[in-house]
Amino acid sequence: MRDLLRARGLASEIFALTIDDDLRHDVHPFSDPAARRGDVTIFHFALPSPMTQAFATLPGGRVLQYHNITPAHFFADYAPEIYRLAMIGRQELATLVGHVDLALGDSSYNREELDALGFAPTGVMPIAVDFARITAAPRRPALEKVLGDGLINFLFVGRIAPNKKIEDHIRLAEHYKRYVDSHYRFIFVGRHDAVPSYYATVRALMEKYQMPADRFWFTGPVPNADLAAFYRYASVYISLSEHEGFCVPLLEAMAAGVPVLAYGSTAVTETMGGAGVVFTPKDLEYAAELLGRLTYDDRLRADIIRGQHARLEAFSEARLQAHLDALLAPFA
């Protein structure tokens, strides 16, 4: 987003409460006095923080970009502290009603939540996805040798959290093994330490089904080059999540030329936009059949990939730039 603004000749900087070490050359601390001096400030909201109250009192234009908060009930059985954080986050979001000049959601799904809270005016600004980090990443020969060992790779990217329904991936694997093929590997790229008790539940389900451990790979966080390799060697990208405000990996998979099989919940159907294969209700036996077709039906795969590439036009830099210009025109 910063780069899109700079491309229009606007001065744009990023300020954050906490900053990873590898971003310190790119991001300024929220405590910097310059954080309050912008003619227009875009506040990306996903968690409660001291920045919320500070944003509400800024003298310049205030634009809220809402990235959604996972509903607290998903964490009730696993992480009381995250349950509490999610509850406080939604309460804090509501305090901004009447204190912003424009409230944007990543999707219409997110915008509807803003409307329901009383924000006005509202709009939609999709996440600006850097596809080059996937499509132009350097090769990783050692990792690619492992991934290219002959097993069929099914990929999921994201944190291992209750709303992502990783347990349904395990159940899907059981159906796939039983009715389609046993020559598979499920790969989960993303943090698995955010909700330890949930991750333990997933592992317990694997033991219950007597799943071979080498067919399920939980990688943890990986650098961009490794992530690109996982996409490159995936036969199908799978999303069985039951809550998404946008879901960037769906688009990354499309950019990598990987057919997407997704359960049509929350914002997923909107992000897919008619591309890929979206199914409801959540019939995992049926999903296993779809997974088999996407894996082995070359004509279907080609048609799906072609449709997904067409869908990506809606998220091109030119489209996002025009959208951003229109949204910010009242502040010019």
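**Sheet and cores**

Tutor: An open sheet of four strands is found here, ordered E3-E4-E5-E6 with parallel pairing. Strands (E, at least two residues) and helices (H or I, at least four) are DSSP runs numbered from the N terminus, and two strands pair if DSSP finds at least two bridges between them. The edge strands, each pairing on one side only, are E3 (40–45) and E6 (122–124). The model is predicted: local features need pLDDT of at least 70, side-chain atom pairs count only at pLDDT 80 or more, and totals for chains, interfaces and linings use all residues. Residues are numbered from 1 along each chain as its sequence is written, and side-chain values use heavy atoms, leaving out hydrogens and water.

Student: Over how many bridges do strand E5 and E6 pair?

Tutor: Strand E5 (residues 102–105) pairs with E6 in the parallel sense over three bridges. Ala103 stands opposite Thr122 in E6.

Student: Which residues have the most contacts inside the largest nonpolar core?

Tutor: A nonpolar core is a set of buried Ala, Val, Leu, Ile, Met, Phe, Trp, Tyr and Cys residues joined through side-chain atoms within 4.5 Å; buried means under 20% relative accessible area (1.4 Å probe, protein chains only). In the largest core, of 69 residues, they are Phe154, Leu155, Phe186, Phe216, Phe218, Tyr237 and Leu291. Helix H12 (residues 284–296) gives the largest share of this core, six residues. Another core, of 17 residues, lies apart from it and includes Phe43 and Met51.

Conventions:
Buried means under 20% relative accessible area, exposed over 50%, partly exposed in between (1.4 Å probe, protein chains only).
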